[in-house]
Amino acid sequence: MDFDRRDFLRIGAAVTAGAAIGPVASAMTQVEKEGSTARRWGMVIDADKCSADCTVCVDACRTENNVPRFDDPKLDIHWIRKIAFRPKGIEGATERTFPAMCFHCEHPPCAHVCPVAATFVRPDGIVQVDKHRCIGCRYCVIACPYKARSFVAKHVEPKEGDNPKVPSRTHGVVEKCTLCAHRIDQGMQPACVEACQKKATGAMVFSDLNNPDTDASALLRTGRARQLRADLGCEPGVYYMGL
Amino acid sequence: MAKIKYTRIEGRSGGYYAFMAGSALVASLLPISALILFLQGHHVTGMTNQVPWGMPIVMAIYLIGVSAGSLVLSSMSTVFGKTEYKPFARVASMLAVVLIVAGLMAIIMDWGRPDRVLVPFFHFQPRSMFSLNAILYNAYMLIGFLYLVALFRENEVWAKRLGLSAVIIAVGVHSGTGAIFGFVYVRELYNSPLLPPSFIAAALSSGTALMIIVLKYTFDATGRKLDVGYIQGLGKLMGIFILVVLYLIFIENVTRSYAPKNYEASSFLLLHGGKFTFYFWVGLIGVGLVGPAAIVLNSATGSSVRWILAAAWLQLAGVLMERYLIVIPAQILPLELLPGMEITSVFLDGQFATYSVSAVEWMYSIGLFGVVAFAYGLAIRLWPMLPEEAVMQEPPA
C-alpha cells in the first residue's frame, strides 16, 4: 500500500480530532441528566435560622463519619463546615452563618475531571468517591467550586468508639461528604440534618427534591431558595434561603 | 548530503565518571523523597487542602514541555526538511523520550496512591483531561521511541512518518497539558483557552534552550566539532519562540484584567501578590523571557556562543518559573463561594492560601533533574547518539 506523508497527515489529523471529540461528545450526552432515577436527594438550608455559634451539624458529621482532627487548618478534613459571611465593603454589617458540605451537583466538575472515574454520580444524585479506586491525583480538589473535598494527607489510626458503619480511612485518597448515603439507604436522614432538627433550629431540611410533596420541595416553591454559584451551571442539590 | 557518522562517546574519562556518579547521587533523591511521600503522606510537603498541587506537578509539566520541544527540534530535519539539523535528530529524540518518562514519574509518584499506577489503564473518564492525557502521553512515548529506532536504522521513510506522527501527538500532548489547567472554569487564573497554545510555545522555547546547552557542553566535553552556526541558529530560533510566549502571556493577562470580576485575581498576580508578583515580573518576564530574547536577538550578543549559552540557561529557568506561576497562584486565590460577600471558616474559606516548597519537594524536583542527566549520560555512552562532528554545509551556489 502506498502511504505517503499526505496520508499520514490525514490520519494524524483524524486521530487528533477524534481525541478532541471525546470530551465534547461526552459533555453533550451528559447535558440532560447525570443521575437517572426519579429521586434526587437534596437539601434546603435557611441561613436565617442558622445561629452563628451553633456547630451541631458539624459535630454530628464528625461523629457519624469518624472525621479526624489534625489540629492543622491546612491539613484538616472537612466534610461539612460553618461559613460566616457578610457583605463586602459595608461597615458594621452583621455576620451570619450557614453550613456548607458537598452539594452533590447534577453536573459535578469533580466527577468530570476524575481520570479513573473514582468519583461518580449515583442514580439518586449522590456524588460518591470510590476510595479503592482513587489514585490521589487531587484534580477533583482543584476543580470543585465549593471546596467540598479534602485530601487525606496524614495517616489516621482507627480509634475506640469509631462508627463501624462507615469505611475506615487511609491516607493518599480524596474524600468528602457522602450525604450519609449509608443512612439514606436505610431510610434515615443525613446525620447533620437530623442533628439540626433534633438539637438546633431545624435550619436544614433534607428530602427528595423531585417529589413535590416533601418539605424541601415546598420551600423551593417559595422562590426564595437559591444555589451557590448557580452561574457555574453545576446544578447543586443544596439550596439556601436567607443569603 | 554526506552520510553522518554517529559514534558512542568513549566514556572512560574522569569527567564522565564524575558526571555519572554526581547525577546518580542526585537522582537517588527522587526515590527517597517519593518513598517518604508514600509512607508519610503529603503532610510532609508544602501541599495542603488549599494548595493540593505543588512542585511535583510544576516539574511534571515542565519536563513534559521540554520533551515536546526536543521532539519538534528532532523532527526539523526529518519532517520539515531542515536537513542541516539532521546531526542532532537522534540525541534530541532520545532526550524527548527520557524527559517524557521523567515527567510521568513526576506525576505518578506524587499521587497519594502511586501503587495504583495501573488503575488509569483500566478506568477511563473521557471528560477528564488527565484521563485523555494518559492515552496521549503513552502514545507519545511509544511513537517517540519508535521514531528513535527508525532514526537509528537510517530508515528515512519511516523516520519521516513516525517523526510527523510524533510531532502531531506532541502538539496534542501539550495542548492537553495546558487544558488540564485551562479547563478549570472555577479558578480565574487557570481558566483560559490560551493555555494550550501558550504551553506549546514555552515547550518549544525551553526545548530549544535545552538543546543548545546539551549540544554545547557534550560536544566540548567529548572533543567533537560543533559549528558555531548551529548554536547561533538555535539561539535565533529560541528568541522567536520566546517572543511568541511573551505575546501569549501578554494577551492572556490583558484579557483577564479587563473584566472587573477579575480585578482581584489579576491584581494578585500582577501587582500585590508578594513573592508571586516578584517571580512574575522579575523571574519570568525579566530574567526568563525578555533577558534571553534580547541577548539572542541582538546581533552582537546573538552571535557569541557564551552569550547564547547564558540566554539558554536563563530561558530554561524562566520556563520552570512560568510553569510554577501557572500551577501555584491560581490555588492561592480563595474561591468565590458567595460573590459580593466576605466569607470566613475553619477551612480557610475566603482567605489567601500560602504555599512554599518543602525540603521533600526540593529533593523530589532536583532528583528528577538527576534522573534526566543520568539517563542522558548513559544513553550517549551505550548508543551512537552523537555525530562525530557537526559542520554546516555551504549552501549550494
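In this predicted model, the side chains of B:Asp110 and A:Arg138 form a salt bridge, with an N to O distance of 2.7 Å. The rule finds four salt bridges across the interface of chain B and chain A. This briefing covers that interface, then chain A and one residue of chain B.

**Interface of chain B and chain A**

- Between chain B and chain A, 32 residue pairs are in polar contact, both residues being at pLDDT 80 or more.
- On the side of chain B that touches chain A, the elements giving two or more residues are helix 2 (29–40), helix 5 (119–122), helix 6, helix 7 (156–182) and strand 3 (341–344) of chain B.
- Helix 7 of chain B supplies the largest share of that side, seven residues.
- By residue class, the side of chain B that touches chain A has 31 nonpolar, 18 polar and eleven charged residues.
- Contact involves 60 residues of chain B and 69 residues of chain A.
- About 5800 Å² is buried between the two chains, and carbon and sulfur atoms give 60% of this area.
- Within chain B, the most area is lost to chain A by B:Asn49, B:Arg127 and B:Phe347, which together account for 13% of what that side buries.

**Chain A**

- Chain A contains seven helices and nine strands.
- Of its 243 residues, 56% count as buried.
- The accessible surface of chain A is about 11100 Å², and 54% of it belongs to carbon and sulfur atoms.

**B:Leu132**

- B:Leu132 lies in helix 6 (residues 129–152) of chain B.
- B:Leu132 counts as buried because its relative accessible area is 16%, under the 20% cut-off.

Conventions. Residues numbered from 1 in each chain as written. Chains lettered and ligands numbered in written order. Predicted model: local features only at pLDDT ≥ 70, side-chain atom pairs only at ≥ 80, totals over all residues. Heavy atoms only, no water. Helix = DSSP H or I, 4+ residues; strand = E, 2+ residues; numbered from the N terminus. Buried < 20%, exposed > 50% of the residue type's maximum accessible area, 1.4 Å probe, protein only. Areas by Shrake-Rupley, 256 points an atom, 1.4 Å probe, with all protein chains shown as cover. Contact = heavy atoms within 4.5 Å. Buried area = accessible area lost by both parts, 1.4 Å probe. Polar contact = N/O pair within 3.5 Å; in protein donor to acceptor, adjacent residues only side chain to side chain. Nonpolar A, V, L, I, M, F, W, Y, C, P; charged D, E, K, R; others polar.
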